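Here is a quick walk through the model on your screen, taken one feature at a time. Keep the sequence and the 3D view open as you read.

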Amino acid sequence: MLRPIELIGKSLGTFYRAHDARTIVVGQDVRSTSPRIADALTRGLISTGVNVVRIAVHCTEADCAQQPVEWAKSQGLTVMCFLMMSHKLEPAALAEQAALL
């Protein structure tokens, strides 16, 4: 079941390497299946030679991501954040959380 996810990681890693990306940030949500999916994606990415930083952030706790996001930026990395479970918040509250990042 996880082999397709690993292949997606290989595809993404190959694409990003071709565009000079060296490090990718992977996030996950709180579902019980998320760690296995993130692990498979990470295996695929690493197999292409990219570095992976993993950050998991719930949509109501964006402030918890500020430190790792700032660290990644200080390392010269481009950071793209995903606020997981965003369907649980109204748009205005989600925008407030996103503004923290």
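## Helix H2

Helices here are DSSP runs (H or I, at least four residues), strands are DSSP runs of E with at least two, and both are numbered from the N terminus. This is a predicted model, in which local features need pLDDT of at least 70, side-chain atom pairs count only at pLDDT 80 or more, and totals for chains, interfaces and linings use all residues. Numbering starts from 1 along each chain as its sequence is written, and side-chain values use heavy atoms, with hydrogens and water left out.

So how does H2 do? After H2 comes Gly49, which has a positive phi, near 100°.

## The whole chain

Zooming out, the chain has four helices and two strands, and from the N terminus on they run α-β-α-β-α-α. The C-alpha trace spans about 40 × 35 × 20 Å along its principal axes.

Of the chain's 101 residues, 27% count as buried. Take the contacts (heavy atoms within 4.5 Å) between residues at least 6 apart in sequence: 70% of these join residues at least 24 apart. The chain exposes about 6,500 Å², with carbon and sulfur atoms supplying 57% of that; the areas come from the Shrake-Rupley method with a 1.4 Å probe, and for residues only the protein chains shown count as cover.

## Nonpolar cores

A nonpolar core is a set of buried Ala, Val, Leu, Ile, Met, Phe, Trp, Tyr and Cys residues joined through side-chain atoms within 4.5 Å. The largest one has eight residues: Ile55, Val57, Cys59, Ala62, Ala65, Val69, Leu83 and Met85. Apart from this core lies another, of six residues, including Ile24, Val26, Ala38 and Leu45.

What does Ile55 touch, not counting residues up to four places away in sequence? The list is Val25, Val26, Gly27, Gln28, Pro68 and Val69.

Glu6 sits in helix H1. Is Glu6 buried or exposed? At 16% relative accessibility it counts as buried. Leaving out residues up to four places away in sequence, Glu6 touches Ala40, Arg43 and Gly44.

Rings of Phe, Tyr and Trp (its six-membered ring) pair if their centres lie within 6.5 Å; planes under 30 degrees apart count as stacked, over 60 as edge-to-face and the rest as tilted. That gives one aromatic pair. The ring centres of Phe15 and Tyr16 are 5.3 Å apart and their planes are at 80°, so this pair is edge-to-face. Phe15 is partly exposed at 43% relative accessible area, and Tyr16 is partly exposed at 30%.

## Cysteines

Technical notes. Buried means under 20% relative accessible area, exposed over 50%, partly exposed in between (1.4 Å probe, protein chains only).
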